[in-house]
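Here is a short note for a colleague who is new to this model. Please read it beside the sequence and the structure.

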Amino acid sequence: MLRRTATALAVSALALSGALVSTTASAAPTGTAATAAVNCKHSVTHETPGSASGTFKKNINLKSGPYADCDKVKQFPEGTKFWIWCGAYNNYQNLWFYGRVDGTQTKGWVYMDNLVWSGTFKSC
C-alpha cells in the first residue's frame with residue numbers, strides 16, 4: 001500500500017510539474033506530427049507558364065503536392081524538360097516548383113534540388 005501511494009504521489013507531482021504531459025506527448029506514434037504538416041492539396045493560384053524552366057537532374061517522381069510524402073503523379077527520366085509555373089515553400093521551408101512536363105499535359109510538383117533551372121517564377 002505504501003508503494004502504491006508513493007507511486008501515485010510521484011505521478012501527481014509529475015503531472016503538476018508538466019513533466020508527465022511531455023512524457024505522454026513523446027509517446028505518441030512516430031510521424032503523426034510530420035503527417036499533419038503535409039498538405040498535398042496545395043492550391044495553385046494560376047496555371048500559366050513563367051519564364052522559368054529546368055531539366056531533371058535524375059529520374060524524378062512528379063508529385064501531387066509540395067512534399068516527398070505526396071502521391072506520385074508519374075515518373076520521368078533524367079534530362080526531361082520541366083516548365084516552372086510557380087514555386088512554393090512547404091512547412092519544412094523547402095522550395096518546390098509546380099509546372100508541366102514539356103511535350104505533355106502532365107502537371108505536378110518537383111523539389112527545387114531535383115532540377116537544374118533558371119528564370120523567374122511567381123509564388124503559387
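1. Terms for burial come before the details. Buried means under 20% relative accessible area, exposed means over 50%, and partly exposed lies in between (1.4 Å probe, protein chains only). Cys124 is buried by this rule, with a relative accessible area of 15%. Of the protein's 124 residues, 29% count as buried.

2. A word on the source. This is a predicted model, where local features need pLDDT of at least 70 and side-chain atom pairs count only at pLDDT 80 or more, while totals for chains, interfaces and linings use all residues. Residues are numbered from 1 along each chain as its sequence is written, and side-chain values use heavy atoms, with hydrogens and water left out.

3. Overall layout. The protein has three helices and eight strands. Along the sequence, the pattern reads α-α-α-β-β-β-β-β-β-β-β. Helices (H or I, at least four residues) and strands (E, at least two) are DSSP runs, numbered from the N terminus.

4. Strand β4 and its partners. Two strands pair if DSSP finds at least two bridges between them. Strand β1 (residues 52–56) runs antiparallel to β4, and four bridges join them. Ser53 stands opposite Trp83 in β4. Seven bridges pair β4 with β5, also in the antiparallel sense. Strand β8 (residues 122–123) pairs with β4 in the parallel sense over two bridges. There, Cys86 stands opposite Lys122 in β8.

5. The β4–β5 hairpin. Five residues separate β4 and β5 in this hairpin. Gln93 sits in the turn and has a positive phi of about 65°. Tyr89 has Leu95 in β5 as its bridge partner.

6. Disulfides. How many disulfides does a search of the whole structure find? It finds two, a disulfide being a pair of cysteine sulfur atoms within 2.5 Å. With the bonded cysteines numbered in sequence order, the pairing is 1-2, 3-4.

7. Cys40–Cys70. The S to S distance in this disulfide is 2.1 Å. The torsion about its S-S bond is about -95°, so the disulfide is left-handed. Cys40 lies in the loop between α3 (32–37) and β1, and Cys70 in the loop between β2 (60–63) and β3 (72–76). They are 30 residues apart. Cys40 is partly exposed at 23% relative accessibility, whereas Cys70 is buried at 3%.

8. Cys86–Cys124. The sulfur atoms of this disulfide are 1.9 Å apart. Its S-S torsion is about 90°, so the disulfide is right-handed. Cys86 lies in strand β4 and Cys124 in the segment after β8, so the pair ties together parts 38 residues apart in sequence. Cys86 is buried, at 0% relative accessibility.

9. Aromatic pairs. The structure holds nine. Rings of Phe, Tyr and Trp (its six-membered ring) pair if their centres lie within 6.5 Å; planes under 30 degrees apart count as stacked, over 60 as edge-to-face and the rest as tilted. Trp85 and Tyr98 are edge-to-face, 6.1 Å centre to centre, with 70° between the planes. Trp85 is in strand β4 (residues 81–89) and Tyr98 in strand β5 (residues 95–101), 13 residues apart. Both Trp85 and Tyr98 are buried.

10. Phe97 and Trp117. This aromatic pair is edge-to-face too, at 4.8 Å centre to centre and 70° between the planes. Phe97 lies in strand β5 and Trp117 in strand β7 (residues 115–118), so the pair ties together parts 20 residues apart in sequence. Phe97 is buried at 0% relative accessible area; Trp117 is partly exposed at 31%.
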